[in-house]
Every structure is written in C-alpha cells, then in structure tokens.
Amino acid sequence: MAIIQINQLVKEYRTNKRFTGSFGLIKSLFSSEYVYTRAVDGISFSIDAGESVGYLGPNGAGKSTMIKMLTGILVPTSGDIQVDGKVPYRNRKEIARKIGVVFGQRSQLWWDLPVIDSFELHKHIYNISASDYNNRVNQYVELLDMASFVHKPVRQLSLGQRMRAEIALALLHHPEILFLDEPTIGLDVIAKHNIRNFLRQINQETNVAIMLTTHDLKDIEEICDRIIIVNHGQAVFDGDIYHLKKEIGGINKQVTIEFHVDPGEIAFPNALLICDEGVRKKFEFIHHDGEENSLMRSIMSIPNVEQIKDISIEDMSIEEIIHQAFVNLTQNSKIRV
Ligand SMILES: Nc1ncnc2c1ncn2[C@@H]1O[C@H](COP(=O)(O)OP(=O)(O)OP(=O)(O)O)[C@@H](O)[C@H]1O
C-alpha cells in the first residue's frame with residue numbers, strides 16, 4: 001500500500017531579480033522583476049510501506065525541496081502530494097506523528113542537554129507510553145552502541161555519536177516513514193557501517209519506510225531497495241540498483257596503484273589507464289561485476305607485482321553514476337519514471 005503518493009508535483013521558487021552595476025543593489029531592492037527556479041518539475045512516484053528508497057541527484061537537483069514538501073514545510077506550486085493519505089502542508093501535526101526526520105546539518109537534539117533529556121522531551125511531545133519508550137530507548141541504545149554517551153551533553157559528542165542519537169530520536173515515536181538527509185556524511189568507515197546496519201535492521205523489523213538522500217554509493221547498496229534519480233527537478237531513473245547497473249553498463253571502479261619504482265607501461269584487458277604519474281597509475285575498471293576478488297586477481301597477475309606499494313579502490317561517484325544514467329537513458333529513449 002502506498003504511503004507516499006506524488007503526482008506531477010511542481011515547486012517553483014520566486015526570488016527578486018538581482019541587478020549588477022553601481023545602482024544594482026538599490027534597483028534590486030525596489031524592482032518588481034522576479035527570477036523563477038523550478039526545483040521540482042513534474043515528478044510522479046509512489047512509495048509503499050516498508051520500502052527503502054534512495055533519492056539521488058547532483059547538487060541543486062531538488063532533493064531537499066522534495067523532502068521539505070513531503071514533511072509539510074513547503075507548499076508545492078502545483079500537483080498532488082499525499083503522505084499516509086494526507087496532504088502534508090495542510091496536516092502538519094498529523095504528519096509529524098507519522099514521520100521521523102534526520103537532517104545531517106540541523107540537529108533535533110538539545111545542544112546543552114544530555115541526549116537522554118532530548119529523548120524524554122520527545123516522549124512527552126509525542127505522548128509515547130512509558131513501556132514503549134523504555135523498550136525503544138533500551139533497544140536503540142544497544143543497537144546503536146550509545147551507552148557511553150547517552151548521558152553526555154550533545155555539544156560534547158562526536159559527529160558519529162550525534163548522528164546515532166539523531167536517528168534514535170527520530171524513531172522514538174515509531175514513525176511510518178523516516179526521511180534522512182545525508183545520514184553518513186563526514187563519518188568514519190565504522191560509524192557509517194553501524195548506521196547502515198541499524199537502518200537496514202530497523203527497516204526490516206518495524207517496516208518503517210525509509211527515504212534518504214546521499215552522495216555515498218555504499219549507503220544505497222546497503223540500505224536501499226530502490227533508487228530514484230533526479231536531475232534538474234525531473235526523475236530520470238526509478239528502479240533497483242541491479243537495474244541501474246544494467247542500464248549504465250555496470251558501475252566502474254577506479255583503482256590507483258602505487259609502485260616503489262616506475263614499472264613502465266601496464267595494461268589490463270578490462271581497464272582504461274586514466275592517469276599515469278610513473279610510480280602512481282590510475283585505472284578505470286569497466287563493467288566490473290562488483291566482485292573485488294576478480295579485480296584483485298587481475299592486478300596481482302601483472303609482472304611487476306612485487307613492486308606494488310599501495311592499492312586503493314574507489315567506486316564511481318554518485319555524480320558520475322547519475323551523469324552516466326542520464327546520458328544512457330536519454331540516448332536509449334528509455335527514461336524509466
Ligand atoms: N528558498 C529558495 N529560494 C530560491 N531558490 C531555492 C530555494 N531553495 C532552493 N532553491 C533552488 O532550487 C534548486 C533545488 O534546490 P535543492 O536545495 O532542493 O536541491 P538539492 O538537490 O537538495 O541540492 P543539494 O544536494 O546541494 O542539497 C536549486 O537551484 C536551488 O538554488
């Protein structure tokens with residue numbers, strides 16, 4: 001059953017036109033000329049209860065605008081939007097009970113209070129029963145490993161600790177949908193891993209729908225069943241990660257190999273040399289199936305293997321994936337929305 005339903009949704013921002021030149025500032029203040037930006041340009045999709053969806057797009061694609069409309073903060077210019085059968089901006093109070101929100105940059109925790117005090121406050125605001133509250137706090141403290149800092153003031157927490165507390169807070173009232181904006185940005189590998197595991201587990205156990213924005217491909221691979229890619233306010237892809245990989249011909253990996261001494265020319269049958277600085281060579285492995293082992297076998301088969309000092313492997317960036325998806329899907333005239 002659809003918990004989010006969006007049909008031909010448009011959001012246009014109107015801002016005063018800025019003039020340049022010596023009197024530009026004064027003219028800008030008194031002018032009635034406007035500039036219109038279509039942040040969301042006729043998007044339609046629906047999300048079912050329990051789905052986990054990555055909402056991806058380059059900077060300025062309209063992701064935050066969409067989440068703000070879904071949470072009732074912004075009023076759309078036109079089109080239909082429903083969350084759990086209600087129009088969010090007209091029913092902000094009811095919608096607030098149904099959703100949990102984690103915006104990486106903006107905290108919902110009280111800065112000077114211990115984490116547990118923010119949880120207590122949330123309990124009263126959302127009228128959570130004592131037994132539900134105790135069970136959930138105990139569960140989240142354990143799963144998110146928060147025992148060592150739950151009694152500390154928020155201002156003393158590391159970014160990773162704060163993010164775990166933010167996620168726990170957003171889930172305390174058992175929302176039906178959890179919106180997350182860049183939940184793992186700036187975190188170390190272990191913190192990212194713990195948060196992804198927790199979100200996956202909570203999604204499967206409680207059937208909470210998840211909609212998240214991220215620039216990290218691993219967030220998508222480990223949390224999301226479905227991806228919606230937006231570009232210039234329009235949806236260019238809606239499907240799962242396997243489908244996306246198929247559409248763009250696989251997700252390439254960039255491998256940087258550092259040698260003790262320059263080994264000269266090196267070539268792999270399934271890779272392009274994209275940068276050669278002598279002792280440091282960067283390759284793009286194409287149409288790689290995601291198996292690190294076969295990639296490592298290719299690298300280990302080179303004659304100068306004992307000269308290798310270091311190897312680093314990176315996925316294509318989300319921006320590159322989005323660009324590739326956009327180019328391929330447009331060329332094939334197969335935009336899936
Ligand atoms: N309050 C506003 N007034 C005018 N224009 C805005 C406003 N908020 C956003 N925009 C514009 O709308 C477009 C979409 O912005 P939005 O913040 O939704 O994108 P985004 O995909 O979330 O970007 P990012 O990844 O950088 O956070 C951008 O061109 C942005 O400049």
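The model is predicted, so local features need pLDDT of at least 70 and side-chain atom pairs pLDDT 80 or more, while totals for chains, interfaces and linings use all residues. Residues are numbered from 1 along each chain as its sequence is written, and side-chain values use heavy atoms, with hydrogens and water left out.

**Exercise 1. Describe the largest pocket and the second largest pocket.**

Step 1: On a 1 Å grid over the protein atoms alone, a pocket is an open set of points where a 1.4 Å probe fits, with protein on both sides within 12 Å along at least five of seven lines; lining residues have an atom within 4 Å of a point. Points are joined across faces, edges and corners, and volume is the space filled by probe spheres set on them.

Step 2: take the largest pocket. Its volume is about 500 Å³. Of its 19 lining residues, A96, V101, Q108, H122 and Y126 lie nearest the centre. At least two lining residues each come from α3 (92-98), β5 (99-103), α4 (115-125) and α6 (159-171); helices (H or I, at least four residues) and strands (E, at least two) are DSSP runs, numbered from the N terminus.

Step 3: sort that lining by class. You get 11 nonpolar, six polar and two charged residues, with Ala, Val, Leu, Ile, Met, Phe, Trp, Tyr, Cys and Pro as nonpolar, Asp, Glu, Lys and Arg as charged, and the others, Gly among them, as polar.

Step 4: move to the second largest pocket, with about 290 Å³ of space. K63, S64, T65, D181 and T213 are the closest to its centre among 18 lining residues. Helix α2 (residues 63-70) gives the largest share of this lining, four residues. The classes here are four nonpolar, nine polar and five charged.

**Exercise 2. Work out how α5 packs against α7.**

Step 1: start with geometry. Helix α5 (residues 130-143) and helix α7 (residues 189-206) pack at about 145 degrees, axes 11 Å apart; axes are lines fitted to C-alpha atoms over the stretch in contact, and angles run from 0 to 180 degrees between N-to-C directions.

Step 2: list the contact (heavy atoms within 4.5 Å). Q139, Y140 and L143 of α5 meet F198, Q201, I202 and E205 of α7. That makes four nonpolar, two polar and one charged residues.

**Exercise 3. Locate the two domains.**

Step 1: read off the bounds. Domain 1 spans 49-240 and domain 2 spans 252-315, bounds that come from an automatic or database domain assignment.

Step 2: Taken over C-alpha atoms, the centres of domain 1 and domain 2 are 38 Å apart.
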